Amino acid sequence: MRKLLLILSILLILPTADSFGNEEIKNSIVKIYTQSIRPYYSDPRTMNSPNSKAGSGCVIEGHRIITNAHVVSDHTLILVRKYGEAKRYKANLKFISNDVD
């Protein structure tokens, strides 16, 4: 456990992608914007108010994006913005695992 904490501490003090100027790293970072409506479980006919969330993600092989489940859970809309760009792109959820969020 101490080794893991040490590794995480070292990673936190490393220079950012801007410091390296590494375009590959910059191109793999995305911002994810979602709109969601959580069900009101005690009365299934009623829905909670809509909620907007944002999180980050990383582009992986096959032009897929990996992120935390809580960013996209109960989504009604997912938009993705590339690093350094203003345009947002619509995205579709393929897989989710709330158990390992």
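Tyr33 counts as buried because its relative accessibility is 17%, where buried means under 20% relative accessible area, exposed over 50% and partly exposed in between (1.4 Å probe, protein chains only). This is a predicted model, in which local features need pLDDT of at least 70 and side-chain atom pairs count only at pLDDT 80 or more, while totals for chains, interfaces and linings use all residues. Residues are numbered from 1 along each chain as its sequence is written, and side-chain values use heavy atoms, with hydrogens and water left out.

Tyr33 sits in strand β1, residues 29-36; helices (H or I, at least four residues) and strands (E, at least two) are DSSP runs numbered from the N terminus. The Tyr33 side chain makes a polar contact with the side chain of Arg81 at 3.1 Å. For that term, read a pair of N or O atoms within 3.5 Å; within protein, one must be able to donate a hydrogen and the other to accept it, and residues adjacent in sequence count only if both atoms are side-chain atoms.

Here is who touches whom, with contact meaning heavy atoms within 4.5 Å and leaving aside neighbours within four places in sequence.

| Residue | In contact with |
|---|---|
| Tyr33 | Lys53, Ala54, Leu77, Ile78, Leu79, Arg81, Arg88 |
| Ser73 | Ser36, Lys53, Ile96, Asn98 |
| Val71 | Ile32, Thr34, Lys53, Gly55 |

Ser73 lies in the loop between α4 (69-72) and β4 (75-82), and it counts as buried because its relative accessibility is 14%.
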